[in-house]
Amino acid sequence: MNEAALSKFVRYAKIDTQSKDDAEAYPSTKKQFDLLNLLVKELRELGLADVTIDTYGYVMATIPSNLPKTHPAGGKVPCIGFIAHVDTSPSASGANVNPLVMTYTGGDIILPGDSSVVIRAAENPDLANQIGKTIVTSDGTTLLGADDKAGVAIIMTAAQTLVSTPSILHGDIRIGFTPDEEVGTGTKFFDRKAFGAQFAYTVDGDTVGELNKETFSANQAIITVYGRNIHPGTAKGIMVNSLRAMADIIVRMPREIAPETTEGYEPYIHPHILEGEEARSTLKILLRDFNTPGLDVLKKKLEQIIAEVQPMHPKARIELKIVEQYRNMKDYMGSDLRVLDCLEEATKRTGLAPKWVPIRGGTDGSRLTEKGLPTPNIFTGGHNYHGPTEWLSVEGMEKSVSTLVNLVQVWVDRSAK
Ligand SMILES: [Zn+2]
């Protein structure tokens, strides 16, 4: 008997795989191996070929083509990859996750582990589609980890369906599980050659039916203010307090170009980590725009702010540094648009109306696409990622499994023409 996606998800969600920012090691936390090694074992039990795990933690496996040589698409179907990340966000605890499986009956959901954590119907329009259906939440004290263990469970379930149903014809399929996506380094050591897919899909989206072929282009700006510290008792005319200059910088950041005031395709400048004392303070800022040259416009805004603040603090030294993060996958998707067309068709065959939505963020696919492996993103049915109000639609997860199973067949149909 095949195991349902839900039961796989619950097993994976209970394993703490939280990743860590600015770690020296890769993967950033050793505990991610707890799930990665389990997946190796389960992939082998399913009978997949070439199951490997490397020193970085990347897990890969193959479902070999079962197309007869005489089939019109025989030898013509490109190798397709499915990718999900095992780590969970550092923004909320991932230890002792207690997944609660419930039938949603409408209204707000007060989570039992912390009654101040409420999944509000008004803030979650897709909840209205879940009445009478099964959803999964955390108990409110941790995140759930549907991002992206739902994706892992979906890929494992699709793999199980394909190996146990030989009548479903498909080309070579590669499976990849990655660590450290949430800290921005999910593909840092990913061996694209060893993976060998010509096209890939991350299963790391959210609302059922939503597909993604566009992400932000992203840079990080780091502003450092150098001041001078001395005992406050004898500081007159000597101390240069970097914090005061930094405050003048932050207050000038445009409020109408912020994550909390923008949506859709609108760009933003987002001051997000501030550290400092008198002698030195550092501000990390996220610059985001779907239009890559727009990142320079955002940088110029910061330069203007610094130019304005510098004369107010003539003894402080202010530095601006830009670090490239990732690029809009749309810019690198290439000319072979079958990777998108087949996904759209597969979603329709699942009985859904596919909706292309721009991601106000990045995925492992942003970097893979930039490096030459076109990798759009598929929904999982999860919502409210990175916090304790995260929830998962079980039906959404099942529709995602069907979409993957349909997708490999659409590729066969298209290649036969
Ligand atoms: Zn994710």
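## Phe 9 and the cores

Setting aside residues up to four places away in sequence, Phe 9 touches Val 136, Leu 144, Gly 145, Ala 146, Lys 149, Ala 150, Ala 153, Leu 392 and Met 397 (contact means heavy atoms within 4.5 Å). This is a predicted model, where local features need pLDDT of at least 70, side-chain atom pairs count only at pLDDT 80 or more, and totals for chains, interfaces and linings use all residues. Numbering runs from 1 along each chain as its sequence is written, and side-chain values use heavy atoms, with hydrogens and water left out.

Phe 9 is also among the residues with the most contacts inside the largest nonpolar core, which has 68 residues. Such a core is a set of buried Ala, Val, Leu, Ile, Met, Phe, Trp, Tyr and Cys residues joined through side-chain atoms within 4.5 Å; buried means under 20% relative accessible area with a 1.4 Å probe, protein chains only. Apart from it lies another core, of 21 residues, including Ala 221 and Val 309.

Helices (H or I, at least four residues) and strands (E, at least two) are DSSP runs, numbered from the N terminus. Both His 85 and Asp 147 are buried.

## Thr 62

Over in strand E2 (residues 59–63), Thr 62 is buried, at 8% relative accessible area. Its contacts include Leu 48, Ile 173 and Arg 174.

Notes: Buried < 20%, exposed > 50% of the residue type's maximum accessible area, 1.4 Å probe, protein only.
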